[in-house]
Amino acid sequence: MTGVGTSAADVDAPAAEATTIAQWLKRHPNVIRVLAVVAFFIFWEFAARGMNPLFMSYPSAIFKAGIEIVASGDLGTALVESAVPLFIGLAISIVGGILIGVLIAQFWLFEYILDPFLNALYAIPRVALVPLIILWAGLENAGKVTILVSIAIFPVIFNTYAGIKDVRGNLLEIGRAYCATPLQMFVRIVIPAAIPYIMAGIRLSVGLAIIGIVVAEFFTAISGLGGLIVKYANTFATAKLFVPVIVIAVLGVGLTELVQFLERRFSRWRILERERF
């Protein structure tokens, strides 16, 4: 029941406006993400000012420290030193992981042969293998790439395997009904259906690759972004310490967004299918 001079349309107007705002925000998720990040940094700025600067810093001090590191050239040099083995190792992990995943998913003999080795290597903590990897591959880029690949390749292998094995039988039956050859079925049906799994594995691999390069730089030649972290941690330069950490986080977000963009391009049909409901 509405009051005198108040119509039902007037009562429903605020609810309709709130729904419209919610729908607009849903269509523009980056607005929410940016607001969340800004709110976090504002809270961090004021919450950390009263803390001991030896143990915690705040965004404005980190920004000033970042300007100093950039001006000195240390950050640019470290970023290049980390980027080279990172992208080489990530490329090897993605290409090698997809090939091995396809191999064990398509051929039962390779699956039975490689399965115990893959499970054993995946279960072994990489830190336990680092001394051996350093002995075999050295302290420079070869050692860093080897450590990185040993960490980042497994999600791609297992997700590629799961994606190929999960292809629905009715899709394969349709291919057989149209007299498709095994190669045509693999290229036109199996791989497109497995792409979401493969891209999910690559997203996981990106995060593990960044962890891998930092770990490698801790244990091998102290260089790159990991080397900066060690350097500033040893001198208790907390504000400067946060700079390479934030750069690593931004790098991870950027690479993950790139993978998600490629996933949307390669599996556009899945997005259109979701939008129907």
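A residue is called buried when its relative accessible area is under 20%, exposed when that area is over 50%, and partly exposed in between (1.4 Å probe, protein chains only). By that rule Val206, at 2% relative accessibility, counts as buried. Welcome to a predicted model, in which local features need pLDDT of at least 70, side-chain atom pairs count only at pLDDT 80 or more, and totals for chains, interfaces and linings use all residues. Residues are numbered from 1 along each chain as its sequence is written, and side-chain values use heavy atoms, with hydrogens and water left out.

**Overall picture**

- The chain has 12 helices and zero strands; helices (H or I, at least four residues) and strands (E, at least two) are DSSP runs, numbered from the N terminus.
- Of the 277 residues in the chain, 33% are buried.
- Among contacts (heavy atoms within 4.5 Å) with a separation of 6 or more, 73% join residues 24 or more positions apart.
- The accessible surface is about 17000 Å², and carbon and sulfur atoms hold 71% of that surface; the areas come from the Shrake-Rupley method with a 1.4 Å probe, and for residues only the protein chains shown count as cover.

**Confidence**

- Mean pLDDT, the predictor's confidence in each residue from 0 to 100, is 82 for the chain, and 84% of the residues reach 70 or more.
- Confidence is highest in α4, at a mean of 92, and lowest in helix α12 (residues 268-275), at 54.

**Helix α3 and its two sides**

- Helix α3 (residues 59-72) has 14 residues and should span 20 Å at 1.5 Å a residue, which agrees with the 20 Å between its end C-alpha atoms; the expected span is 1.5 Å times one less than the number of residues.
- Buried residues in α3 are Pro59, Ile62, Ala65, Gly66 and Ile69.
- Seen down the axis of α3, these buried residues fall within an arc of 120°, so they line one face of the helix; the arc is that of the directions from the helix axis to the C-beta atoms.
- The buried residues of α3 pack against α2 (29-48), α4 (74-106), α10 (224-234) and α11 (238-266).
- On the face turned away from the buried side, α3 carries the exposed residues Phe63, Lys64 and Ala71.

**Nonpolar cores**

- A nonpolar core is a set of buried Ala, Val, Leu, Ile, Met, Phe, Trp, Tyr and Cys residues joined through side-chain atoms within 4.5 Å.
- The largest core has 41 residues, and Leu86, Ile202 and Val206 touch the most other members.
- Two or more residues of this core come from each of α2, α3, α4, α7 (141-165), α9 (182-219), α10 and α11, with α9 giving the largest share, 15 residues.
- Apart from this core lies another, of seven residues, including Ile104, Leu118, Val145 and Phe154.

- Val206 is found in helix α9 and touches Leu90, Gly252, Leu255, Thr256 and Val259, not counting residues up to four places away in sequence.
- Pro155 is 51 residues from Val206 along the chain, and their C-alpha atoms are separated by 9.8 Å.
- Ile202 is in contact with Ile94, Val156 and Val259, leaving aside its neighbours within four places in sequence.

**Positive phi angles**

- Most residues other than glycine have a negative phi.
- Phe236, in the loop between α10 and α11, has a positive phi near 55°.
- Phe236 is exposed, with a relative accessible area of 56%.
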